[in-house]
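Please open the structure in a viewer and keep the sequence at hand. The stops below are given in the order in which they may be selected.

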Amino acid sequence: MVALHLQLTVVLCLFLVPHLSLAYPRKSLFKRTSLKKEDPRFQKTSMFKSKPTQTVGMLGGSVVLECQVSGIPPALVYWVKDGERIHQGDTHTGNREHHMTSDGLSRLELSSTQSRLYLDCLSEEDAGIYVCVGHSPAVTIKQEHRLTIDTANGIEQTACAWSGQPRIFMWTSSRLEYETGTVQLFCRAQGSPTPTITWYDRDNMPIDPESDSYTVTPTGDLIIRDIDWSLHMGEFTCEAKNDYGSDSASAFLYPTGRGK
C-alpha cells in the first residue's frame, strides 16, 4: 500500500507540479500501477501550471507568451485580447475524445495542455493584457499576461517579417489514462503553407495514421486506441513541417490500471 501511494504521488507530481518532470528521466520513475478515479485528488477541475507574466517587447520585434493548464478533463487553450479571441492556425477547437471507453467504462482524463502565443512585428497597439483561457467541459479558467512595448529601442517595421515557418501553438504535454481506453493528444500548428503533421511513437518511429491503433485528426491531434502500459508508456512526438522549416513538441503518456 505504501508503494502504491508513493507511485501515485510521483504520477500526480509529474502531471500537476511545474518543472519537476524536467529534473529526472520519467521512464525510470515508473512501475506499473493502478489508480482509482474515486480518489479525491481526481476531481473534474482545471488549474494553471504557469504563472502570470509581465513581458517587455521591442518595437518591431517579436515575443512569445506561454501558459499551461492541467486538470480533468483535458482543456483546450486559447488567447484573448480586448475581448477578442486571437486567431492561431486554421482552427482552435476540433472534436473532443469520448468520455467512455468502448466497453462502457469511465475514463480518468488527467491531462496537461501547453500553449504559446507568437507575436511578431510588434507595434504600440500590441501592448496590453493577453488572457490565456483554459476551457474544458468542466470549467473555464483565465490567466492574465501583460505585454509592454519598448518604443525607445527597436527596428523599422519594414524590416520585420515572419517567414511562415511552422509553429506549434497548442499541444498535450502529459496525459494519464486508464489502460484499454482512448486518448487524444493535441498538436495544433500554424504556418504558411499549412504545415504537415507527423507523429512519432515512443521509439521515435513514424506512426501510420491509418493503422488500427492510431488516427491523426484534421487538426493534427493523435488519437490512440486501446492504450497499454507495456506498449504506449512514454513520449510521443508531434512534428509540424513545411517548406520553411519544422517545429516539434512531445507528449508523455502514462496508461494506468483501474485499481480494485
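Predicted model: local features only at pLDDT ≥ 70, side-chain atom pairs only at ≥ 80, totals over all residues.

**The largest nonpolar core**

The largest nonpolar core comprises 21 residues, and Trp79, Leu117, Leu119, Tyr130 and Leu147 have the most contacts inside it. To display the elements that give two or more residues to this core, select strand S3 (63-72), strand S4 (76-81), strand S6 (110-119), strand S7 (128-135), strand S8 (140-154) and strand S9 (167-178). Of these, S3 gives the most, with four residues. Then turn to a second, separate core, which has 18 residues, among them Ala189, Trp199, Leu222 and Ala240.

Now select strand S10 (183-185) and strand S13 (214-216), the edge strands of a sheet, each of which pairs on one side only. The sheet is open, its order is S10-S14-S13, and its pairing is antiparallel. Neighbouring strands here are turned by 20 degrees against each other on average, direction ignored.

**Two cis peptide bonds**

Continue to proline 73, in the loop between S3 and S4. The peptide bond that joins isoleucine 72 and proline 73 is cis, with omega about -5 degrees. Then select proline 193, in the loop between strand S11 (187-190) and strand S12 (196-200). Here too the backbone holds a cis peptide bond, joining serine 192 and proline 193, with omega about 5 degrees.

Is glutamate 109 buried or exposed? Its relative accessibility is 2%, so glutamate 109 counts as buried, the cut-off being under 20%.

The last stop is cysteine 121, in the loop between S6 and S7. Phi of cysteine 121 is also positive, near 50 degrees, in a residue other than glycine. Cysteine 121 counts as partly exposed because its relative accessibility is 25%, which lies between the limits of 20% and 50%.

Methods
Residues numbered from 1 in each chain as written. Heavy atoms only, no water. Pairing = 2+ DSSP bridges. Axes fitted to C-alpha atoms, helices over the stretch in contact; angles between N-to-C directions. Core = buried A, V, L, I, M, F, W, Y, C linked by side-chain atoms within 4.5 Å. Buried < 20%, exposed > 50% of the residue type's maximum accessible area, 1.4 Å probe, protein only.
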